[in-house]
Amino acid sequence: MTGPKNGLWRRLSRRRLTDTALAALAPVVACGVALGGLTTWTGAGGAGSPTVRINVSYGRFFLPFGETTETSAYFDITNTGDTDDRLVAVAYSGGEAGLSRHFMTPSGAASKESLESVDVSAGDSLSMSPHGVDVILTARPGWRPGDLVRFTLRFERRGSVDALAVVTPPGASPA
């Protein structure tokens, strides 16, 4: 076949071939961009990272009685994530605070020990109390029952969590 029809057919075939190649190239480029993005996300530690969800609630602490200024604060901490975490530091609007644990000795005497950190297991809760783990702090002059004090609890994996604690009068139940 020769003549004008043959030249038209060749031009149409080339055009179809070019259009088909461009149509096939679009999904290939999109897949390449998606693969590059996923590779970057995985390399940055985003893929497969464990979930840590820490909730801090029901903050309260006693107003000290008498000459002492040291007191204890209590929080309910819940880890609803799938990875264990650890409370490593506490600060409040008055300064730094510490972690401690109260317990009874075999002789029946009450005792306390300072703690560097407190574990909060995945799917578990920690309810601080006068008979276990608590936060030791120095009360500031002028605090009154019912006042709210801002605390920042710092966790090893989750990072910082802000919480409020209400000042409770001496002798009241913290629970």
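Trainee: In the hairpin of strand 4 and strand 5, which residue takes a positive phi?
Mentor: First, the terms: helices (H or I, at least four residues) and strands (E, at least two) are DSSP runs, numbered from the N terminus, and two strands pair if DSSP finds at least two bridges between them. Here the residue is Gly108, with a positive phi near 95°, and the hairpin has five residues between the strands. This is a predicted model, in which local features need pLDDT of at least 70, side-chain atom pairs count only at pLDDT 80 or more, and totals for chains, interfaces and linings use all residues. Residues are numbered from 1 along each chain as its sequence is written, and side-chain values use heavy atoms, with hydrogens and water left out.

Trainee: Over how many bridges do strand 4 and strand 5 pair?
Mentor: Six, in the antiparallel sense, with strand 5 covering residues 110-115. As an example, Glu113 in strand 5 is the residue opposite Arg101.

Trainee: How many bridges join strand 4 to strand 8?
Mentor: Four; the two strands run antiparallel, and strand 8 spans residues 133-138. Val135 in strand 8 stands opposite Leu99. Strand 4 (residues 95-104) is also joined to strand 3 (residues 85-92), antiparallel, by three bridges. There, Ala91 has Glu96 of strand 4 as its bridge partner, and the hairpin of strand 3 and strand 4 has two residues between them.

Trainee: Which residue has a positive phi although it is not a glycine?
Mentor: Tyr58, at about 50°. Tyr58 belongs to strand 1, residues 54-62.

Trainee: How many aromatic pairs does a search of the whole structure find?
Mentor: Rings of Phe, Tyr and Trp (its six-membered ring) pair if their centres lie within 6.5 Å; planes under 30 degrees apart count as stacked, over 60 as edge-to-face and the rest as tilted. The search finds six pairs. One of them is Phe62 with Tyr74, edge-to-face, at 6.0 Å centre to centre and 80° between the planes. Phe62 lies in strand 1 and Tyr74 in strand 2 (residues 70-79), so the pair ties together parts twelve residues apart in sequence. Phe62 and Tyr74 are both buried.

Trainee: Which kind of aromatic pair do Phe75 and Phe151 form?
Mentor: Edge-to-face, with 5.1 Å centre to centre and 70° between the planes. Phe75 in strand 2 and Phe151 in strand 9 (residues 148-155) are 76 residues apart. Both Phe75 and Phe151 are buried.

How values were computed: Buried < 20%, exposed > 50% of the residue type's maximum accessible area, 1.4 Å probe, protein only.
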